Amino acid sequence: MHTTILITGGAGFIGSSLAEHLAHNADFKIVIVDNFMTGDLAKVPQGAHNNIQFVETDVNNYTALHDVFANYKFDYVFHYAALVGVKRTLDNPTMVLDDITGIKNILTLSKDNAVKRVFYSSSSEVYGEPVAFPQNEETTPLNSRLPYAIVKNVGEAFVRSYYQEYNLPYTIFRFFNTYGYKQSKDFVVSKYLNAALKNEDLIVYGDGLQTRTFCFIDDNITACSTAFLQKKFINDTINVGGENEITILELAQTIIKVTQSKSKIVHVAALKEGDMTRRCPDISKMKTLLAKDLLPLEQGLQQLLTNTSYII
């Protein structure tokens, strides 16, 4: 008996990586939908994975999404589709707000079609400019201000409301900075890596002392798939991210060291908005889903550099 899984945004970095991981189980039938707003068909797993199907669909279009649900009986849904990228989301705030429609469509159709659990990709951005360290799922106030963060926060409220009113089970993943093989070149790790490999300048906004943690894609996928497979954290929220807080300046220096690059670090004016001063999750819950330590940043970077398909 097959288990049928829908992954929205499955032509994106994390969604396609999740699909590839789950596809190793022959009992899973995986349906990916994406509208290519930020996704790429090249990221959709091909070749040996004959249990993956792709449908070009916009989740914000209820009629089109209804047809997908009508054609497949989904047991589980991973809703990862969203407009992403700091500059893109700042430049297109109303387009970001449109994603609320997609969240409602997914939840309504999941409720109407007896989906067993919806997994929602939220973001560290819901914490806004944080007032507590590390950011804990239960105790840190959500300080969302920018449209992208507000939409993720509203999405979480919708997910919890559908559970409360319709008993639709959920798990919310709050993703912190994640990096890996299929990441677009407009995110900081991939942007710096590609610049360093070409001996180009690494651009740092402001003094570079803003901090982040960085999670290798394999650790993200292991945590999320384990929560699914082992039926853990049902009707709960999990931070998914790295544990070692470093400055963006240190990240640039580390990438130059690892790549043995001749790149220089160039400071430019700080961004007016969207570049929070600190990000560091409490990942106590996530650690219970991993059977090993998280991969350190330098080792993750080395893995990317030895993967010839990553280097462009």
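Which residues form a nonpolar patch on the surface? They are Val86, Ile203, Tyr205, Val268 and Leu271, with about 370 Å² of accessible area together. A patch takes residues with over 30% relative accessible area and no salt bridge, and joins nonpolar side chains (Val, Leu, Ile, Met, Phe, Trp, Tyr) within 5 Å and like charges within 9 Å. A salt bridge is a side-chain nitrogen of Lys or Arg within 4 Å of a carboxyl oxygen of Asp or Glu. Areas come from the Shrake-Rupley method with a 1.4 Å probe, and for residues only the protein chains shown count as cover.

This is a predicted model: local features need pLDDT of at least 70, side-chain atom pairs count only at pLDDT 80 or more, and totals for chains, interfaces and linings use all residues. Residues are numbered from 1 along each chain as its sequence is written, and side-chain values use heavy atoms, without hydrogens and water.

Val268 lies in strand 13 (residues 265-268). Strands are DSSP runs of E, at least two residues, and helices are runs of H or I, at least four, numbered from the N terminus. Val268 counts as partly exposed because its relative accessibility is 33%; buried is under 20%, exposed over 50%, and partly exposed in between (1.4 Å probe, protein chains only).

The largest cavity holds about 60 Å³ of space. On a 1 Å grid over the protein atoms alone, a cavity is a set of points where a 1.4 Å probe fits but cannot get out, and lining residues have an atom within 4 Å of a point. Points are joined across faces, edges and corners, and the volume is the space filled by probe spheres set on them. Helix 6 gives the most to this lining, with three residues.

Technical notes:
1 Å grid on protein atoms, 1.4 Å probe; cavity = no way out; pocket = protein on both sides within 12 Å on 5 of 7 lines; lining within 4 Å.
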